[in-house]
Amino acid sequence: GAGPLHAGLIARELGIRRIFIPAVPGVLCALGMLVADLPADFSRTFVVDLTRGVVSPTVLEEISTIVSGLEALGHRAVQVDQVTPGSRGAVYTRVSLDLRYKGQNYEITVPLREKASAQIATQPGLALAEAVEDFHRLHERVYGYASREAPVQMVTLRLGVGIEQPDRTSFGGAPAGRQNGGAESHKPALASVNSLGAMHRR
């Protein structure tokens, strides 16, 4: 919030001639909280070997039960926050899996594809097969290689529930006392810096 107080001197030291100042620097963090989605994250440790996404019917049933339980926790969290469905935006759920090659001591969180995320509770086998393939690609992108013949292991199921904010473009109107013809824009201010480090609004 105090950035604009020091920006001129710092800009002079760095040879920067123009700087941008947010419209509401003192409450920028609070503003971010207001316009961000309302998330709630849940997880359940469940270690199981995946061979190209093929697992036993018993394990698939247990995965389905876990996901359904996490979804129930998520929707309960929405109710606890006393958010009326539709009042702030759509409620969404996103499922991801922590996967690793068997024997590794670290995992990669693999988000399920949108369709698979919606169907994992009812068709976990298809979702797991896609997740294993996505894991290979992600592992290669992050670490430079993929061992497609190596067994893959799931460690954790994760589910995130969130409420989308319907409007991220408005700051909620002009400041108090400036709602009429003299209202200022909420666009960032552009300032030039002189040789003494003082700022002049442009």
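What follows is a chat about a predicted model of one protein chain.

Q: What kind of model is this, and how are residues numbered?
A: The model is predicted: local features need pLDDT of at least 70, side-chain atom pairs count only at pLDDT 80 or more, and totals for chains, interfaces and linings use all residues. Residues are numbered from 1 along each chain as its sequence is written, and side-chain values use heavy atoms, with hydrogens and water left out.

Q: How many helices and strands does the chain have?
A: The chain has five helices and seven strands. Helices (H or I, at least four residues) and strands (E, at least two) are DSSP runs, numbered from the N terminus.

Q: In what order do the elements run?
A: From the N terminus on, the order is α-β-α-β-α-β-β-α-α-β-β-β.

Q: How much of the chain is buried?
A: Of the 202 residues in the chain, 33% are buried. Buried means under 20% relative accessible area, exposed means over 50%, and partly exposed is in between (1.4 Å probe, protein chains only).

Q: And what about the accessible surface of the chain?
A: The accessible surface comes to about 12700 Å², and 55% of that belongs to carbon and sulfur atoms. Accessible areas come from the Shrake-Rupley method with a 1.4 Å probe; for residues, only the protein chains shown count as cover.

Q: What share of contacts is between residues 24 or more positions apart?
A: Among contacts with a separation of 6 or more, 73% are between residues 24 or more positions apart. Contact means heavy atoms within 4.5 Å.

Q: Let's look at α1. Which residues are buried there?
A: Ala-7, Gly-8 and Ala-11 are buried in α1. They cover an arc of only 95 degrees around the axis, so they sit on the same side of α1. The arc is that of the directions from the helix axis to the C-beta atoms.

Q: Why would residues three or four places apart point the same way?
A: An α-helix has 3.6 residues a turn, so residues with that spacing point the same way.

Q: What is on the other side of α1?
A: Leu-5 and Glu-13 are exposed on the other side of α1.

Q: What follows α1?
A: Gly-15 follows α1, and the phi of Gly-15 is positive, near 75 degrees.

Q: New topic. How many salt bridges are there?
A: A search of the whole structure finds eight salt bridges. A salt bridge is a side-chain nitrogen of Lys or Arg within 4 Å of a carboxyl oxygen of Asp or Glu.

Q: Which residue does Arg-158 pair with?
A: Arg-158 forms a salt bridge with Asp-98, at 2.8 Å from N to O. Arg-158 lies in strand β5 (residues 152–163) and Asp-98 in strand β3, so the pair ties together parts that are 60 residues apart in sequence.

Q: Are those two buried or exposed?
A: Asp-98 is buried, with a relative accessible area of 5%, while Arg-158 is partly exposed, at 33%.

Q: What does Arg-113 pair with?
A: Arg-113 forms a salt bridge with Asp-134 at 2.8 Å, N to O. Asp-134 lies in helix α5 and Arg-113 in the loop between β4 and α4, so the pair ties together parts that are 21 residues apart in sequence. Arg-113 also meets Glu-130 in a salt bridge, at 3.8 Å.

Q: Which residues are in the network?
A: Salt bridges link Arg-113, Glu-130, Glu-133, Asp-134, Arg-137 and Arg-148 in a network.

Q: Last one: Arg-100. What polar contact does its side chain make with a side chain?
A: The side chain of Arg-100 makes a polar contact with the side chain of Glu-107, at 3.0 Å. A polar contact is a pair of N or O atoms within 3.5 Å; within protein, one must be able to donate a hydrogen and the other to accept it, and residues adjacent in sequence count only if both atoms are side-chain atoms. Arg-100 lies in strand β3 (residues 91–101) and counts as buried at 17% relative accessibility.
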